[in-house]
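Hi,

Here is the structure I promised to hand over.

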Amino acid sequence: MGSHVSKQVEKRKAISTERKVLVDLEGSSGETYPGSDYRPSDRKNWMAGLNPEKLHINQVVWPGTHDSATNKIGIPMITRPFAQCQSLSIYRQLCVGTRVLDVRVQEDRRICHGILTTYSVDVVIQDLKKFLSETQSEIVILEIRTEFGHNDPPEFDKYLEEQLGEYLIHQDDNVFGKTIAELLPKRVICVWKPRKSPAPKHGSPLWSAGYLKDNWIDTDLPSTKFENNMKHLSEQPPVSSRKFFYRVENTVTPQADNPIVCVKPVTNRIHEYARLFIAQCFSKGCADKLQIFSTDFIDEDFVEACVGLTQARVEGKA
């Protein structure tokens, strides 16, 4: 018992120390970067506001959500806090400016996070199609994967093609160099990541796993995550030459060795440092590599942080 308490004390000290590292870094270097003062007049249509004929796909800093469809997962006040990573519906996330969705499914097509489940993937598709029907120039990356430990939904690729066919941008390396206007009226890049089923082939309506990469660092220590995110990002090719999307996640994750296992209080340790991360990308010389930037519990400021840098790129300021 004494050993366990001692470990918990040390863990709390480590978390406190790591948060201070980020606070001190913020105080010494600030959160200013090209476009940091930009605020889109309409977050629901922010891509349209940056001129689809000028905005190239590889210039976009894509605001994304981690475990996007968990707003109603589990049982409220009982199991939900252990798995909920977003409080907004898919539709509301898109309206606030999210442009990358991370959706996990199990064999019966229900959304899940580990062992907890929520609504059917039909809800995600309906919300996405509603958003697309209300906008004209917004491109969305929809990543759907079979959750770890679960089986692929039968014929799920056919389901996605049937539901989103008119909107799907087909898998093609040339997409990365095109403008949004050149891709319209197609609006969705759908990345399907099955566990055992065949992966989508080149030229198909769906994109395979190799087109959306990341380096997941499983930790509840904010400075450790921040520094590892920067390290892995620095190892990537610049967006101008990259033929895949690369994601950085501004999140930390509850761990079994810590008594705090609810998502929100843990991920809040890093949530407010998204602008600091972008500013540090410039300081470290890897701002030209930042592409998808995701978070738990997305908010307006996170979206604006990404849109601002996108705007600076379009204007040739970054």
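Strand β8 gives the largest share of the lining of the largest cavity, four residues. Please keep in mind as you read that this is a predicted model. Besides β8 (245–250), helix α7 (222–234) also gives two or more residues to that lining. You can find the cavity by looking for D214, N215, W216, I217, N228, N229, H232, Y246, R247, V248 and E249, which line it. By class, these are four nonpolar, four polar and three charged residues. The volume comes to about 60 Å³, and a search of the whole structure finds one cavity of 30 Å³ or more.

Next, the hairpin. Strands β3 (residues 110–113) and β4 (residues 116–120) pair in the antiparallel sense, with three bridges. H113 stands opposite L116 in β4. Two residues lie between the strands of this hairpin, and G114 takes a positive phi near 65° there.

Last, the cysteines. How many disulfides are there? The count is zero, taking a disulfide as a pair of cysteine sulfur atoms within 2.5 Å. For C190, the closest cysteine sulfur belongs to C112 and is 16 Å away, so it is too far for a bond. C190 is also buried, at 0% relative accessibility. C262 has its closest cysteine sulfur in C85, at 12 Å, which is again too far for a bond. With 24% relative accessibility, C262 counts as partly exposed.

Happy exploring, and do write back with any questions.

Best wishes

Methods. Residues numbered from 1 in each chain as written. Predicted model: local features only at pLDDT ≥ 70, side-chain atom pairs only at ≥ 80, totals over all residues. Heavy atoms only, no water. 1 Å grid on protein atoms, 1.4 Å probe; cavity = no way out; pocket = protein on both sides within 12 Å on 5 of 7 lines; lining within 4 Å. Points joined across faces, edges and corners; volume = space filled by probe spheres on them. Nonpolar A, V, L, I, M, F, W, Y, C, P; charged D, E, K, R; others polar. Pairing = 2+ DSSP bridges. Buried < 20%, exposed > 50% of the residue type's maximum accessible area, 1.4 Å probe, protein only.
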